[in-house]
Amino acid sequence: MVDILVTTIWLLSFESKDTVKVGGLAEVPPRLGEALINKGYNVELLIPNHGFTHINSTNLQLLSKHVIQSREIAVYKYAGSRIPHIIFSSNILDEREVYSSRYLYDKAFEWAIGVKTYLEEQLSRGKYPAVIHGNDWHSVPSLIAINTLLTKYNVDSKIFYQIHLLSRTRISIEDFKNKLGIDASEKVKGIYGIRTLQDYYYLSNGYIDRLGALISHKLLTVSKNYTKDVIRHLGLDMEKHVDYIPNAITWDLYQALDNILKYHPSLREHLEPEKILGYERKYLRDYFLTKALGCFRENEPFIDDKEAREIVMKLDTYPFKGSGQIYPFKTDGPLAIMTGRLTKQKGVEVLLSSLEEIIDRVPEARIVLILLPVWGQKDLVQIVYEHSILFKENLRVVLGRVPSLYMLAHIS
């Protein structure tokens with residue numbers, strides 16, 4: 001017999017701002033967890049290691065070690081952030097390239113092995129979470145493992161699956177047996193009741209986002225408008241099953257201004273809130289475009305992926321000047337910015353293909369892309385590099401994290 005911990009919520013995420021961050025996903029689950037803690041809930045964030053414990057040894061507690069299918073998986077609790085992180089470590093889970101295509105699929109399954117073992121330990125103590133919230137397709141193998149255990153023990157936890165970005169990833173039903181030790185005949189609970197995993201797999205046609213949606217109590221996404229894309233891609237039976245938690249900016253204006261002053265103290269007299277809403281905004285934009293873009297701080301830009309960094313450091317045709325640095329614009333102009341990972345899903349190629357028309361309509365347009373190169377996107381780096389050369393009067397691309405520019409870019 002097991003007793004529910006009615007206030008306990010598990011958040012499953014491949015990234016966290018408090019351990020390893022690549023893109024926007026790292027912000028959402030931890031922020032959600034912090035909001036839930038404020039409401040009195042107990043929250044744990046379950047995440048792969050991605051090498052975090054190798055560079056951080058403080059606030060770590062080793063909870064357990066297991067040898068599963070000839071692989072050792074260690075489970076740590078990290079108490080260095082407001083929301084406790086349960087970190088899963090193994091040879092493959094320790095790979096620092098978070099989204100490397102060489103490891104990503106296997107990482108998701110190995111993480112699921114750790115999550116399954118962690119839940120089994122909780123169940124053996126008569127405990128289990130009231131809510132499990134998985135984020136993006138990497139969490140689906142874990143959600144399947146959790147679902148089979150909860151169904152087996154007739155536990156009425158609620159599983160939520162949130163899609164931040166739709167994936168085309170497909171999954172093999174044999175991998176549930178080979179990698180997770182879950183037979184296709186095992187029962188899971190989903191929107192069509194309690195059925196075998198094989199039944200739900202065939203209903204998903206192997207499409208991992210649809211499978212995650214089918215075995216969840218509720219499917220979530222990031223906006224009302226994106227629910228339409230989700231329904232169109234996953235099927236009309238999702239129409240009443242999907243809801244959304246709006247994305248929101250967590251920045252505080254005064255904290256943002258303090259951040260800018262840290263790197264650009266000469267702007268102090270121009271950064272009063274009432275001024276940046278008026279004419280001073282034009283001054284800030286001119287400063288950003290014609291000065292700051294050409295004055296990165298020491299060691300900037302930061303690029304975690306070694307292969308991507310080596311490529312970026314060699315770019316030296318104007319407006320690039322080598323070592324990841326760029327020349328600023330010569331003059332001010334109407335500004336548009338884009339920030340995020342340099343991946344096809346973000347639509348960078350769509351924007352670049354529209355540049356000629358944009359510039360034809362607004363010749364003085366200034367477009368700044370602050371993009372984080374990731375493993376396996378060498379072709380995209382080359383594409384943005386070539387467009388920077390071709391549209392050197394209108395386009396600047398910052399490749400990597402540049403803390404001294406990030407907030408200034410958004411305020412400008």
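In this predicted model, the axes of helix α11 (residues 280-290) and helix α16 (residues 403-411) come within 9 Å and cross at roughly 140°. That angle makes α11 oblique to α16, a class for angles that are not under 35 degrees (roughly parallel), over 145 (roughly antiparallel) or 65 to 115 (roughly perpendicular). Axes are lines fitted to C-alpha atoms, for helices over the stretch in contact, and angles run from 0 to 180 degrees between N-to-C directions. The crossing of α11 and α16 is left-handed, that is, the near helix is turned anticlockwise from the far one by less than a right angle. On the α11 side, Arg-281, Leu-284, Tyr-287 and Phe-288 meet Leu-405, Leu-408, Ala-409, His-410 and Ile-411 of α16; contact means heavy atoms within 4.5 Å.

Residues are numbered from 1 along each chain as its sequence is written. Local features need pLDDT of at least 70, side-chain atom pairs count only at pLDDT 80 or more, and totals for chains, interfaces and linings use all residues, while side-chain values use heavy atoms, with hydrogens and water left out.

His-264 lies in the loop between α9 (253-263) and α10 (273-276). His-264 is buried, at a relative accessible area of 2%; buried means under 20%, exposed over 50% and partly exposed in between (1.4 Å probe, protein chains only). Beyond its neighbours within four places in sequence, His-264 contacts Tyr-287, Ala-292, Arg-297, Ser-404 and Leu-408.

An open sheet of three strands has the order β12-β13-β14, with parallel pairing. Its edge strands, β12 (335-341) and β14 (395-399), each pair on one side only, and the twist averages 15° from one strand to the next. Helix α15 (residues 378-390) packs on this sheet, touching β13 and β14, and its direction makes about 145° with that of β14.

Elsewhere, β3 and β4 form a hairpin with two residues between them, and Gln-69 in the turn has a positive phi of about 50°. A hairpin through six residues joins β4 to β5. Strands pair if DSSP finds at least two bridges between them; helices (H or I, at least four residues) and strands (E, at least two) are DSSP runs, numbered from the N terminus.

| Strands | Bridges | Direction |
|---|---|---|
| β12 and β13 (residues 366-372) | Seven bridges | parallel |
| β3 (residues 60-68) and β4 (residues 71-78) | Eight bridges | antiparallel |
| β4 and β5 (residues 85-89) | Five bridges | antiparallel |
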